[in-house]
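I will go slowly, and I will start with the places where the chains meet.

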Amino acid sequence: MSTTTQRVALSPRPRSRSSVARLGDLPIIPLTILAIITFAAIFADVLAPHNPEVGSLTARFHPPFWQAGGNTDHWLGTDQLGRDVLSRLIFGARVSMVVGFTAVIFAGAIGTVLGILAGYLGGWVDQVIMRLTDAWLALPGLTFAIFLAAIVGPSMWNIVIILGAVYWTRYARVVRGEVLSLKEREFVRLAVVAGCSKWTIMRRHILPNVVNSAIVLATLMLGVVIVTEASLSFLGVGVPPPQPAWGLMLSDGKQGLMVGYWWLTVLPGCCIMLMVLSANLLGDWLRVKLDPQLRQL
Amino acid sequence: MAAIPGRPLLELDNLSTHYVSAQGTRVVRAVDEVSLRVHAGETVGIVGESGSGKSTLALSILRVLPTAAQIVSGHMWFEGEDLVQKSDAEMRHVRGKRIAMILQDPMASLNPLFTIGNQVAEPIRVHEGVGRSKAWERARNLLKAVRIPSPETRVTQYPHEMSGGMRQRIVGAIGISCEPRLLIADEPTTSLDLTIQAQYLNLLRELQREHGLALIFITHNLGIVAKMCDQLVVMYAGRVVESGPVSRIFNTPAHPYTKALLNSIPRMSDTRQRLTAIDGQPPDLSSLPRGCSFAARCPSAFDRCRKETPPEFNLDGGRTARCWLASVAMQSGAA
Amino acid sequence: MKQFVTRRIGYSLLSLLLLSLTIFLFVRVTGDPAALLVEPGASEQDIAAIHQKFGLDQPLWVQYGLFMANLLRGDFGQSFYYQTPVLELYIDRLPNSLILGLVAMSFSLLVGIPSGILAAVRVGRFWDNAGKLFTLLGLSLPSFFVGLVLILVFSVYLGWLPSSGAGGFLHILMPAFALGWYFAAAHMRLTRSSMLEVLGSEYVKLARLKGLPPSMVIAKHAFKNALIPVLTLAGINLVLMINVAVVVETVFAWPGIGRLLYEGISFRDFPVVQGVVIMGGTMIVAVNLLVDVVYAVIDPRIRLEK
């Protein structure tokens with residue numbers, strides 16, 4: 001047994017409770033992937049080599065360039081209508097990004113506001129919002145989304161609204177829980193005693209403190225939302241053709257699967273996977289970063 | 001209360017247990033060069049604030065430390081063997097059988113999904129290979145020994161069906177089930193009602209006499225120490241700052257921390273209006289200051305205290321004190 | 001206990017009420033209900049009959065009353081495509097989804113629980129990190145992608161497994177795997193965190209202090225306690241699985257209620273869509289209630305608490 005120990009003189013690091021202070025251990029890979037996808041989404045018009053919606057029937061089912069029969073004109077091959085897969089993937093990023101982010105923000109906004117109201121005001125407001133949340137949470141997101149899509153019909157903005165309407169409940173529940181414990185904290189009680197109005201307290205004291213949880217939840221929900229959107233597209237009730245969406249590409253590609261046209265399904269699927277993976281990794285990192293207490297999420 | 005002669009049952013010799021953070025950057029010296037002795041049949045009290053290292057010390061003796069903690073140096077002599085050197089498999093034969101431990105919160109210590117009988121009989125079956133019915137019979141007897149009424153019915157009940165006091169007795173029953181030589185009690189009465197505390201302490205004393213147990217009693221309550229213990233060990237910031245017979249220490253405490261602790265107990269005869277507390281906070285165990293760890297809060301501190309860490313000085317009557325004042329006292333006349 | 005059960009049932013009924021109200025309102029209020037409820041190509045008389053039947057000219061609350069009355073009688077409308085009552089179609093297909101769900105759930109538990117325990121016991125080391133990778137992939141890969149890749153590998157390239165339809169054991173393998181994969185990851189993660197929490201508990205500490213062998217500490221004291229939240233989740237997940245299997249069933253042409261939903265969408269067969277959704281919500285509310293009650297029965301603590 002050793003009889004001496006190294007005495008490491010270190011001053012304990014200050015605990016920053018709410019800020020995303022340290023940039024030292026950024027999750028490089030997820031951020032890079034998301035950055036690439038965002039970049040592709042924004043500059044799709046410039047980046048894509050071909051028009052994603054128009055194909056040439058003479059160039060159908062070309063495989064990617066590294067396989068026999070492929071060429072560098074269509075790096076990742078073409079689909080059943082002769083459309084360039086790479087271009088469709090790039091424009092598909094736009095759909096995923098726009099729908100994903102907007103829906104998450106939309107759901108987050110509604111859910112956070114309702115969660116704060118329910119948690120802070122209590123009473124019948126709380127009961128109404130919570131009963132509604134419980135009831136809506138009983139329906140799986142996908143099922144509910146399919147139902148709504150069947151009613152209102154497909155269009156990109158309809159999908160965004162639908163996803164927002166389906167997923168706000170997740171936020172409401174989490175935020176309400178946070179608000180309930182925040183209500184008991186000293187600084188909130190002080191504000192009450194000081195005579196601040198309920199609205200001021202909710203806006204200036206409660207809201208900033210639940211924003212952390214909301215952000216973490218948002219990153220985690222991004223993955224879920226994207227998969228739901230892809231599922232909706234796959235089933236044919238998502239963003240309507242000819243606009244390219246990754247889920248739709250998977251659905252189209254299914255036809256060619258039995259004959260071995262693998263790139264029509266594997267490539268868009270990988271894109272979805274990469275995006276969801278990155279969102280999940282980012283969410284996990286944020287969760288630990290912002291407050292270890294949030295690990296329950 | 002007489003000193004018991006002969007070799008000690010348990011002797012800790014400069015034991016140090018440190019916690020190391022995951023990245024290896026922070027080292028918390030939870031137990032630092034602790035030496036103490038427990039003789040057969042004796043009751044030793046270990047007193048200190050939260051964070052003084054008492055519980056880590058107890059867990060170190062039985063080597064049930066969390067993964068981040070390790071015994072880094074020292075020896076633990078128990079019945080002639082060094083527990084620090086034993087493998088985990090060998091330690092398993094010590095735990096529960098030769099040295100037992102009872103924890104603070106009886107509700108949390110008992111597994112909610114198993115019956116009382118199952119949990120009391122368990123160590124008997126594991127350590128002594130006794131069959132089920134015989135073990136359960138012994139369990140019933142043990143419940144009787146800890147004064148639980150109608151043990152036959154209790155044995156098939158679940159922990160949540162008992163009161164706090166009863167649960168702690170059951171934990172005690174588990175502790176003595178395999179007739180250990182030493183029982184370590186980590187704040188066993190802290191979560192009990194005051195009225196129940198006294199009963200429980202009496203029970204412990206009886207059990208001790210009947211079974212010839214040595215007892216290490218960890219507490220922050222000096223009143224309990226006065227009632228239960230023969231010897232006292234005072235811990236501060238992971239180190240032993242004073243030790244010796246209880247009555248002597250209570251009468252003439254050698255270390256300023258002990259003095260302050262004794263002073264802070266409010267007495268009925270006190271005419272002062274305010275409660276005496278000890279100024280300041282215990283130090284951060286991962287970055288201990290130079291010199292004596294109590295110096296910042298000590299009313300009698302002088303220069304040397306802040307520069308050099310005092311060693312443990314042996315004083316008269318089997319006492320020790322980790323204080324420069326003690327060396328001064330020794331030089332100035334006490335043999 | 002009785003109080004607990006009655007209160008729980010009350011909550012469930014309220015949830016069902018709100019759900020039905022939501023579904024009802026969404027149909028009536030957004031867009032044109034007639035367009036949804038009427039078969040394409042219906043004659044004037046048929047349209048008038050539909051208006052009559054659903055009381056589309058009446059005030060909303062009357063319509064809702066009619067709606068609920070029909071539901072409670074089991075009348076979910078009739079499928080345009082199949083010309084049979086929706087409920088009948090649903091019950092006909094449900095067993096297939098149940099079988100798929102059960103097999104997928106078994107797979108997810110058989111993989112998820114042991115790997116979760118292993119990851120917790122070997123926390124920070126190889127198996128934990130492997131487990132984390134598995135979880136990450138499992139939760140990030142959409143089930144239909146997994147399904148399609150499986151078909152590509154096992155049907156197209158290797159030719160071992162049939163790519164569609166229900167049939168024997170071989171037919172169920174791929175869809176069950178595709179469906180169960182996500183849940184295996186979720187169960188693994190929950191088992192791991194539950195196990196870690198239990199391993200840090202006081203009673204596990206005491207078990208070690210009693211000198212029990214580590215295998216016994218884990219298998220006896222930790223295991224049962226750690227499993228409680230996992231099994232609870234599994235029960236709820238089973239019903240969830242059945243309902244979100246729509247994409248997997250579509251990929252593999254598995255004749256369950258998920259595929260029924262897909263057909264409903266494809267053929268613009270709204271009564272079918274509505275029926276599947278209502279039944280789905282009802283099932284989930286019912287199973288949540290059941291799980292809560294069973295939990296109360298099993299865990300001796302809750303029984304006395306409530």
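This is a predicted model: local features need pLDDT of at least 70, side-chain atom pairs count only at pLDDT 80 or more; totals for chains, interfaces and linings use all residues.

Let us begin with the contact between chain C and chain B, to which chain C gives 17 residues and chain B gives 23 residues.

Now, which elements of chain C give two or more residues to the side that touches chain B? They are α9, at residues 202-209, α10, at residues 214-244, and α14, at residues 300-305, of chain C. The largest share of that side comes from α9(C), with six residues. If we sort the side of chain C that touches chain B by class, we find seven nonpolar, four polar and six charged residues.

Please keep those classes in mind as we turn to the contact between chain C and chain A, which takes 40 residues from chain C and 38 residues from chain A. On the side of chain C that touches chain A, at least two residues each are supplied by α1 (2-29), α6 (126-140), α7 (143-157), α10, α11 (246-251), α12 (257-266) and α13 (270-298) of chain C. How do the residues of this side divide into nonpolar, polar and charged? There are 29 nonpolar and 11 polar residues, and no charged ones.

Let me stay with chain C for a moment and describe the chain as a whole. Chain C has 14 helices and zero strands, and its C-alpha trace spans about 80 × 60 × 30 Å along the principal axes. Of the 306 residues in chain C, 44% are buried. If we take the contacts in chain C between residues at least 6 apart in sequence, 71% of them join residues at least 24 apart. As for confidence, the mean pLDDT of chain C is 84, with 94% of its residues reaching 70 or more.

Strand β1 of chain B, residues 10-20, pairs with β2(B) in the antiparallel sense over eight bridges, and within β2(B) the bridge partner of B:Glu11 is B:Arg37.

The other sheet of chain B is also open, but this one has eight strands, in the order β6-β7-β8-β3-β9-β10-β12-β11 of chain B, with mixed pairing. Its edge strands are β6 (99-102) and β11 (313-315) of chain B, each of which pairs on one side only. On average, neighbouring strands of this sheet are turned by 20° against each other, if we ignore direction. As one example of a pair, strand β10 (residues 239-245) and strand β12 (residues 319-321) of chain B are antiparallel over two bridges, and in β12(B) the bridge partner of B:Glu242 is B:Ala321. Helix α7 of chain B, residues 164-176, lies across β6 and β7 (182-186) of chain B, and runs at about 170° to β6(B).

In soluble globular proteins, nonpolar side chains tend to be buried together. Here the largest nonpolar core has 266 residues, and those with the most contacts inside it include A:Ala145, B:Leu182 and C:Met241. Helix α8 of chain A, residues 198-235, provides the largest share of this core, 18 residues. Leaving aside neighbours within four places in sequence, B:Leu182 is in contact with residues including B:Leu9, B:Val38 and B:Ile216.

Is A:Arg83 buried or exposed? A:Arg83 counts as buried, because it has 23 C-beta neighbours inside 10 Å. The C-alpha atom of A:Arg83 is separated by 6.1 Å from that of A:Pro52, although the two residues are 31 residues apart along the chain.

Terms used:
Residues are numbered from 1 along each chain as its sequence is written. Chains are lettered from A and ligands numbered from 1 in the order in which they are written. Two strands pair if DSSP finds at least two bridges between them. Helices (H or I, at least four residues) and strands (E, at least two) are DSSP runs, numbered from the N terminus. Two residues are in contact if their C-beta atoms, placed from the backbone, lie within 7 Å. Ala, Val, Leu, Ile, Met, Phe, Trp, Tyr, Cys and Pro count as nonpolar, Asp, Glu, Lys and Arg as charged, and the others, Gly among them, as polar. pLDDT is the predictor's confidence in each residue, from 0 to 100. A residue is buried if 20 or more other C-beta atoms lie within 10 Å of its own, exposed if 12 or fewer, and partly exposed in between; C-beta atoms are placed from the backbone. A nonpolar core is a set of buried Ala, Val, Leu, Ile, Met, Phe, Trp, Tyr and Cys residues joined through C-beta atoms within 7 Å. Axes are lines fitted to C-alpha atoms, for helices over the stretch in contact, and angles run from 0 to 180 degrees between N-to-C directions.
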